[in-house]
Amino acid sequence: MLTLLVTGSCLLLAFKCVKVLPESSTLGPIPFPEDNPMTLEKIELGRKLFFDKRLSVDNSISCADCHHPEKAFTDGLAVSNGVLGRHSERNAPSLLNSAYLERVMFDGELKTLEMQVIVPIQEHVEMGSDMRELLKELRAIPEYEAAAQRIFGRSFDPWVLTRSIAAFERSLISDNSAFDRFYRGDSSAMTASQQRGWELFNNKLYCTQCHPAPHFTTYKVANNGLYADYGKDQGRFRIDLEESSKGFFKVPSLRNISLTAPYMHDGSFLTLKNVLQHYKSGGKNHFNQSPTVVKFDLTVQEEEDLLNFFQSLTDTTYLQNFQ
Ligand code: HEC
Ligand code: HEC
């Protein structure tokens, strides 16, 4: 037998790492649009572009500067630092398991990862590039032009840029946390406290209305009562100007949550303890607040169990592809 072990996207064949297409045993088949099947070459081109600072107007930042692999593809800041000392309005979300997103961005606005790629590149407060100028520049880089011809049979253009980066993002799978091993049947994978926390989260509290296992999100938008008045950023309201959309934001997955502080669309909570405090208080009673978000009490032990359970959602095995 030649196959020794498949870890992440690495197949160990006679002690040599041979890249294979990613798959997930917990999360289900990785969805992809018909016009953009994943291939190893395409993922590799997308990965190079993702880490390439030349995508920003002054060659100062890459996608990875706001989506660092070691922080589960977030940046540890409340709002991100863009080009020329500018700041984004929102907190950078994790890109792990982004293949499964039904709608991309906090407003739940964009339908595909392909459509999202050009947003940060052209966004004034993020990478600030002019797409036409940028494409000229990228086409002139022999490595990129050759890859575009080889993989897509065309010159380096918006299609090549968006398809390859999106394919790379879909390859970022994280499904090997202690929780995943427990979920797949290994009852010793989680500590007793983590199992008590999981029980609370799953059966006693109402969290699973919006953060159900195994994805820990419904992939929909919701209003969790973060503010009584959301001020400048009213979430999905920005898109459709409906009163009933005020304060609706994408429900984030809680996977790797201990790596992605600070929390919420504006990074306003520094710790998971602060997040729990918010839910325990029953929210700020915004007029669109979900009726599921209601006040509850936790004993000291229960709170510790929940926080320990959050730790069990951490999986850093994906990092082996970035060393
Ligand atoms: C200056 C920091 C910054 C840079 C550079 C940046 N991003 Fe982001 N990214 C963000 C922020 C902030 C958001 C949240 C924006 C929102 O939802 O309105 C985001 C959201 C996203 C999302 C949506 C994820 C979700 O859960 O909905 C994807 C996908 C993404 N970025 C990919 C990329 C790619 C690809 C690049 C490079 C082409 C990139 N980002 C460059 C900060 C950045
Ligand atoms: C009605 C749906 C809903 C319910 C119920 C709900 N959440 Fe959330 N949760 C959200 C939304 C929406 C956000 C993002 C809000 C934002 O960005 O402003 C969020 C954010 C979070 C975050 C921060 C994630 C991040 O990456 O920033 C954590 C942690 C969290 N919820 C935990 C919980 C826990 C624990 C419970 C149960 C006590 C719970 N949630 C119940 C909708 C919900």
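Begin by selecting helices α8 and α11 in this predicted model, where Ser193, Gln194, Arg196, Gly197, Trp198, Leu200 and Phe201 of α8 meet a set of α11 residues that includes Gln301, Glu302, Glu304, Asp305 and Leu306. The α11 side of this contact also includes Asn308, Phe309, Phe310 and Gln311, and, taken by class, the contact of α8 with α11 has six nonpolar, six polar and four charged residues. To see how the two elements are set against each other, display residues 192–204 for α8 and residues 300–311 for α11, whose axes are 7 Å apart and which pack at an angle of about 100 degrees. Because angles of 65 to 115 degrees count as roughly perpendicular, α8 is roughly perpendicular to α11.

Next, select ligand 1 and its iron atom, for which the protein supplies a single donor, NE2 of His67, at 2.2 Å. His67 itself is placed in the loop between α2 (63–66) and α3 (113–122). Now widen the selection to the 28 residues around ligand 1, of which Cys63, Cys66, His67, Met105 and Lys250 come nearest.

On Gln116, a polar side-chain atom lies 3.2 Å from a nitrogen atom of ligand 1.

Colour by secondary structure next, and follow which elements build the shell around ligand 1: α2, α3 and α6 (158–170) each supply at least two residues, and α3 gives the most, with five residues. Coloured by residue class instead, the shell around ligand 1 has 16 nonpolar, eight polar and four charged residues.

Asn97 has a positive phi of about 60 degrees although it is not a glycine.

Move on to ligand 2 and select the 24 residues around it, of which Cys207, Cys210, His211, His265 and Tyr279 come nearest. Which residue places a polar side-chain atom 2.6 Å from an oxygen atom of ligand 2? That residue is His265, and a polar backbone atom of Met264 can be shown beside this contact, 2.7 Å from an oxygen atom of ligand 2. For His211, an N or O atom of the side chain is 2.9 Å from a nitrogen atom of the ligand. The elements that give two or more residues to the shell around ligand 2 are β5 (249–250) and α10 (272–280), and α10 gives the most, with three residues. By class, the shell around ligand 2 has 18 nonpolar, five polar and one charged residues.

The bond that joins Ala213 and Pro214 is cis, with omega at about 0 degrees, and Pro214 is found in the loop between α8 and β4 (221–222). A cis peptide bond also joins Ala261 and Pro262, here with omega at about -10 degrees.

Terms used: Residues are numbered from 1 along each chain as its sequence is written. Chains are lettered from A and ligands numbered from 1 in the order in which they are written. This is a predicted model: local features need pLDDT of at least 70, side-chain atom pairs count only at pLDDT 80 or more; totals for chains, interfaces and linings use all residues. Side-chain values use heavy atoms; hydrogens and water are left out. A residue is near a molecule or strand if one of its heavy atoms lies within 4 Å of it. A polar contact is a pair of N or O atoms within 3.5 Å; within protein, one must be able to donate a hydrogen and the other to accept it, and residues adjacent in sequence count only if both atoms are side-chain atoms. Helices (H or I, at least four residues) and strands (E, at least two) are DSSP runs, numbered from the N terminus. Ala, Val, Leu, Ile, Met, Phe, Trp, Tyr, Cys and Pro count as nonpolar, Asp, Glu, Lys and Arg as charged, and the others, Gly among them, as polar. Axes are lines fitted to C-alpha atoms, for helices over the stretch in contact, and angles run from 0 to 180 degrees between N-to-C directions. Angles under 35 degrees count as roughly parallel, over 145 as roughly antiparallel, 65 to 115 as roughly perpendicular and the rest as oblique. Contact means heavy atoms within 4.5 Å. Donors are N, O and S atoms within 2.8 Å of the metal (3.2 Å for Na, K and Ca); water is not among the atoms, so sites may look incomplete.
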